[in-house]
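Me: I have a structure open and would like to talk it through with you. Shall we go through it one question at a time?

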Amino acid sequence: MTTKIDGKKIARDIRSWVAEEVASRVAAGAGVPGLATILVGDDPAGAVYVANKRRAIREAGMRDFHRTLSRRATQEEVAAVIDELAADPDVSGILLQLPLPEGLDSAALIDRIPVGKDVDGLTTASAGLLARGEFGLRPCTPSGVVELLDAEGVTIEGAHAVVVGRSELVGRPMAQLLLQRDATVTIAHRYTRDLAAVTRPADIVVVATGVPGLVGPEHIKPGATVIDVGIHRTDSGLTGDVRASEVDGVAGRLTPVPGGVGPMTIALLMVNTLRAAAWAKHSA
Ligand code: NAD
């Protein structure tokens, strides 16, 4: 029997908790936390993601600052908007929606976001704090995975965790977060020779490759916890990097796609915005 991890419910509980925290902050006379989203260009997927994040922010009782820039915006124009939001004390967090239109240097623009407002946890400074295990804002998707594991009562300490994928956004910070929680961590990637031999001993397998259906029962130890970060749009709906129907009955726990990791990413963005507001207060 494979238990499906209900990411929607866990995310809903986290978002209710954030809303309560915001309300008690405000009742105590603190400012309302605010998130500024920046959308450059007219990519429809990016617009949907930003709309969902803005709705979640408003539902949590936080302030929604938003900027849309034309797809012809220059590096300097995007930088100027980031700098303005960085200087605004009402803006607790800044999120630059990726990918940016071609011709813009994403890494340089992300690094303009002050570390205390980096709610996506993607700046070089945030990555450094994570690598050193110091206080900071962590990337939302891997933090969401840790929350899922905790909510399900999965023991991380001492577990053998294999992370498949080493991107800056998911795989790398995922491995670091699991390491900080005292897992024994292995990272696999596109050059890994025998993926099944690497993943089969693992107690926890996190798959974030962007390769639909890459992982099947041959990769999974019976009873292991399998977290599928992948999202792929197909004619029959969303699917992940794991062949869920085949892994069903082998894994002990599995995150469905949709309804597993996806909702956690937005929930953790809410948590990070709240943390950023609290961090600003302490460093003010
Ligand atoms: P990416 O393309 O930046 O990185 C993919 C990683 O997978 C690379 O490190 C690569 O080495 C590895 N890889 C590729 N093929 C492999 C193979 N055959 N065997 C082993 N490793 C392989 O992708 P990303 O940004 O990390 O995203 C991964 C997936 O997660 C995508 O499907 C993306 O849509 C999804 N995603 C979901 C969420 C969410 O909220 N659920 C958030 C971010 C990304």
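Me: Glad to have you here. How many residues does α1 have, and what distance does the helix reach from its first C-alpha to its last?
Reply: Happy to start there, with the reminder that this is a predicted model. α1 has 21 residues. At 1.5 Å a residue, 30 Å is expected, and the helix comes close to that value. From first C-alpha to last, α1 reaches 30 Å.

Me: Which residue just after α1 takes a positive phi, and what is its value?
Reply: The place to look is just past the end of the helix, where a glycine has a positive phi. The residue is Gly29, and its phi is about 90 degrees.

Me: What span should α2 have at 1.5 Å a residue, and how far apart are its end C-alpha atoms?
Reply: α2 has 16 residues, so at 1.5 Å a residue it should span 22 Å.

Me: Which residues are buried in α2, and what arc do they fall within?
Reply: In α2 the buried residues are Gly46, Val50, Lys53, Ala56 and Ile57. On the other side of α2, Pro44 and Glu59 are exposed. Seen down the helix axis, the buried residues of α2 line one face, because their arc is within 125 degrees.

Me: Which element gives the largest share of the largest nonpolar core?
Reply: This core has 46 residues, and Val18 and Leu178 have the most contacts inside it. The elements that give it two or more residues include α1, α2, α6 (140-151) and α10 (262-283). The largest share is nine residues, and they come from α10.

Me: Where does this core lie relative to the two domains?
Reply: The chain is divided into domain 1 (30-114) and domain 2 (140-263), with 29 Å between their centres, taken over C-alpha atoms. Both domains give residues to the core, so the core lies between domain 1 and domain 2.

Me: How many residues are in the second, separate core?
Reply: Among the residues of this second core are Ala36, Val40, Leu69 and Leu109.

Me: Is Ile227 buried or exposed, and what is its relative accessible area?
Reply: Ile227 is found in strand β8. Leaving aside neighbours within four places in sequence, its contacts include Ile5, Val145, Leu149 and Val261. The cut-off for buried is under 20% relative accessible area. Ile227 is therefore buried, with a value of 0%.

Me: What distance separates the C-alpha atoms of Ile227 and Val206?
Reply: Along the chain, Ile227 and Val206 are 21 residues apart. Beyond the neighbours within four places in sequence, Val206 is one of the residues in contact with Ile227. Their C-alpha atoms are separated by 4.6 Å.

Me: Is Thr225 buried or exposed?
Reply: Thr225 also has its place in strand β8 (residues 225-228). Leaving aside neighbours within four places in sequence, it is in contact with residues including Ile5, Asp203 and Arg253. At 3% relative accessibility, Thr225 counts as buried.

Me: Which two residues form the aromatic pair, and is it stacked or edge-to-face?
Reply: A search of the whole structure finds one such pair. Phe135 and Trp279 form it, with ring centres 5.1 Å apart. Phe135 lies in the loop between α5 (124-132) and α6 and Trp279 in helix α10, so the pair ties together parts 144 residues apart in sequence. The planes are at 90 degrees, so the pair of Phe135 and Trp279 is edge-to-face.

Methods
Residues numbered from 1 in each chain as written. Predicted model: local features only at pLDDT ≥ 70, side-chain atom pairs only at ≥ 80, totals over all residues. Heavy atoms only, no water. Core = buried A, V, L, I, M, F, W, Y, C linked by side-chain atoms within 4.5 Å. Buried < 20%, exposed > 50% of the residue type's maximum accessible area, 1.4 Å probe, protein only. Helix = DSSP H or I, 4+ residues; strand = E, 2+ residues; numbered from the N terminus. Domains from an automatic or database assignment. Expected span 1.5 Å × (residues − 1). Phe/Tyr/Trp six-rings, centres within 6.5 Å; stacked < 30°, edge-to-face > 60°. Contact = heavy atoms within 4.5 Å. Arc of directions from axis to C-beta.
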